[in-house]
Amino acid sequence: MPDNDNDDGLPPRGAHPTWWKAPFAATVLGLPFLVWEYRWFASGDGVGSFGGVLYWACGLLAVAWVLPHRRAVRTARVLTAGAGLGCALLPGLMAMLLIGAMAASS
């Protein structure tokens, strides 16, 4: 039995049909970086100062998935997914910048 009031199997009137695209794209791009960064930092002394960024990235990506599936929340969903992706990419980008700066100075 469907959860909505109509019996035709369609989503409710306010539901956005492509609500999943922004969280999916951010998760597909960000999840491999999150796993790589967590394993990289955990292999040392722990996640240290980047731990907060990794946890924020996981939390923001999760929030992007659980936001309501209405058109009115589309902007918040895209911004949350983008912020989660940015937090997921931040430690790797910082490491690449530091490696590049150290290579250029020698």
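**Exercise 1. Which pattern does the chain follow when it is read along the sequence?**

Solution. Read along the sequence, the chain follows the pattern α-α-α. Its secondary structure comes to three helices and zero strands, where helices (H or I, at least four residues) and strands (E, at least two) are DSSP runs numbered from the N terminus. The model is a predicted one, in which local features need pLDDT of at least 70 and side-chain atom pairs count only at pLDDT 80 or more, while totals for chains, interfaces and linings use all residues. Residues are numbered from 1 along each chain as its sequence is written, and side-chain values use heavy atoms, with hydrogens and water left out.

**Exercise 2. How many Å should helix H2 span, and how far apart are its end C-alpha atoms?**

Solution. Begin with the rule that the expected span of a helix is 1.5 Å times one less than its number of residues. Helix H2 holds 16 residues (residues 51–66) and should therefore span 22 Å. Its end C-alpha atoms are 23 Å apart, which agrees.

**Exercise 3. Name the buried residues of H2, and find what covers them.**

Solution. Buried means under 20% relative accessible area, exposed means over 50%, and partly exposed lies in between (1.4 Å probe, protein chains only). By this rule the buried residues of H2 are Gly 51, Val 53, Leu 54, Ala 57, Leu 60, Leu 61 and Ala 64. Their cover includes helix H1 (21–42) and helix H3 (74–105). For the chain as a whole, 26% of the 106 residues count as buried.

**Exercise 4. How many aromatic pairs does the structure hold, and how are the rings of Trp 20 and Phe 24 arranged?**

Solution. A pair of aromatic rings is described by the distance of the centres and the angle of the planes. Rings of Phe, Tyr and Trp (its six-membered ring) pair if their centres lie within 6.5 Å, and planes under 30 degrees apart count as stacked, over 60 as edge-to-face and the rest as tilted. The structure holds three such pairs. In one of them, the rings of Trp 20 and Phe 24 have centres 6.0 Å apart and planes at 75°, so this pair is edge-to-face. In another, the rings of Trp 36 and Trp 40 have centres 5.1 Å apart and planes at 20°, so this pair is stacked. Trp 36 and Trp 40 are four residues apart in helix H1, which separates them by about one helical turn. Trp 36 is partly exposed at 42% relative accessibility, and Trp 40 is partly exposed at 37%.

**Exercise 5. Which residues make the nonpolar surface patch of about 550 Å²?**

Solution. Patches are made of residues with over 30% relative accessible area and no salt bridge, with like charges joined within 9 Å and nonpolar side chains (Val, Leu, Ile, Met, Phe, Trp, Tyr) within 5 Å. A salt bridge is a side-chain nitrogen of Lys or Arg within 4 Å of a carboxyl oxygen of Asp or Glu, and accessible areas come from the Shrake-Rupley method with a 1.4 Å probe, where for residues only the protein chains shown count as cover. The patch is made by Trp 20, Phe 24, Val 28, Val 63, Trp 65 and Val 66. H1 and H2 are the elements that give two or more residues to the patch, and the largest share, three residues, comes from H2. Trp 20 is partly exposed at 36%, Phe 24 is partly exposed at 43%, and Val 66 counts as exposed at 66%.

Note on methods: Contact = heavy atoms within 4.5 Å.
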